[in-house]
Each structure stands twice: as C-alpha cells, then as structure tokens.
Amino acid sequence: MQVNWDYYVRMDEELDIIPPHACFVMEAGRTYPLVEAIVNIGRMLDNHLVIDDPRVSRHHAQLRAVEGHFVLFDLNSTGGIFVNGRRITETILYPHDIISLAGALLTYQQDDPLPRPDLADTIK
C-alpha cells in the first residue's frame, strides 16, 4: 500500500498518536515495546532498536506513528523489508504482521488496534 505522506503535515498533534500497547516480538522471544512516535531500526548502535545481525543494514528501517497506526518505512536497506511475505517500501502495520528485515524476523503485536480500513466492507 503506497501512501502519499505529503498529505500529512505535522500541524495537527493527532498525527503522531502512538498506538497503545504495541511491541515487536523478536525471534528469540524478546519483546521491544513501541513507546516512541519514531523508532529507528538497524545494526548500528545509534538506532532505537538495534538488531545485531549482519543481514540487517546499519540503518535499515524507520517506524512512525501516524494517526494511531505505526507505519514501517524501508530506509533503502540492502536486504529489503518483507511484511507477510511481500516486499514493501512503506506500509501500515497490523497485529500479527510478520516482518523480515533481510531475514531477521519480528512480529508486530498491538492490543486494541484501530479497525483496518481495507476490511471495512467485511465488518457488519
């Protein structure tokens, strides 16, 4: 899903509402709580979430809170990002999404997520 982020001008504080009770679950079962509006992910120590894996780029991805959702962006990484098996450059994350950062796996979890707009036709 390609989103036109030029539309989102940070004049309204509601744009960076952090989704409640969100976290990444790492391969080893370790969790990383997502409590910041912006989370940088990569191999270098200056990232918020450091993944010590040679397949992961130094600055691999960025997670941003936008209107109560987290949006994942690929930062031109070498190995790319796959969400549920599809290569992405940017995407909104939903609970139980499986994220592969060049083969390093994370699972996105969140309690009480906002409804998925792509499933609106199926909700009654």
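Contact, as I use the word, means heavy atoms within 4.5 Å. Not counting residues up to four places away in sequence, Q110 touches P19, P20, H21, A22, G68 and P95. Before going on, some ground rules: this is a predicted model, in which local features need pLDDT of at least 70 and side-chain atom pairs count only at pLDDT 80 or more, while totals for chains, interfaces and linings use all residues. Residues are numbered from 1 along each chain as its sequence is written, and side-chain values use heavy atoms, with hydrogens and water left out.

Back to Q110. This residue is found in strand β11; strands are DSSP runs of E, at least two residues long, numbered from the N terminus. Is Q110 buried or exposed? Buried means under 20% relative accessible area, exposed means over 50%, and partly exposed is in between, with a 1.4 Å probe and protein chains only. Q110 has 10% relative accessibility, so it counts as buried.

Next, the aromatic rings. Rings of Phe, Tyr and Trp (its six-membered ring) pair if their centres lie within 6.5 Å; planes under 30 degrees apart count as stacked, over 60 as edge-to-face, and the rest as tilted. The structure holds two such aromatic pairs. In one, F24 and Y108 have ring centres 6.2 Å apart and planes at 70 degrees, so the pair is edge-to-face. F24 is in strand β1 and Y108 in strand β11, 84 residues apart. F70 and Y108 also form an edge-to-face pair, with 6.3 Å centre to centre and 80 degrees between the planes. F70 lies in strand β6, so this pair ties together parts that are 38 residues apart in sequence.

Now the core. A nonpolar core is a set of buried Ala, Val, Leu, Ile, Met, Phe, Trp, Tyr and Cys residues joined through side-chain atoms within 4.5 Å. How many residues has the largest one? It has 23, and those with the most contacts inside it are F24, I41, I51, L72, I99 and L101. Apart from it lies another core of five residues, including V66 and F73.

Last, charge. A salt bridge is a side-chain nitrogen of Lys or Arg within 4 Å of a carboxyl oxygen of Asp or Glu. The structure holds one: D53 with R55, the closest N and O atoms being 2.7 Å apart. D53 is buried at 13%, whereas R55 is partly exposed at 41%.

Conventions: Helices (H or I, at least four residues) and strands (E, at least two) are DSSP runs, numbered from the N terminus.
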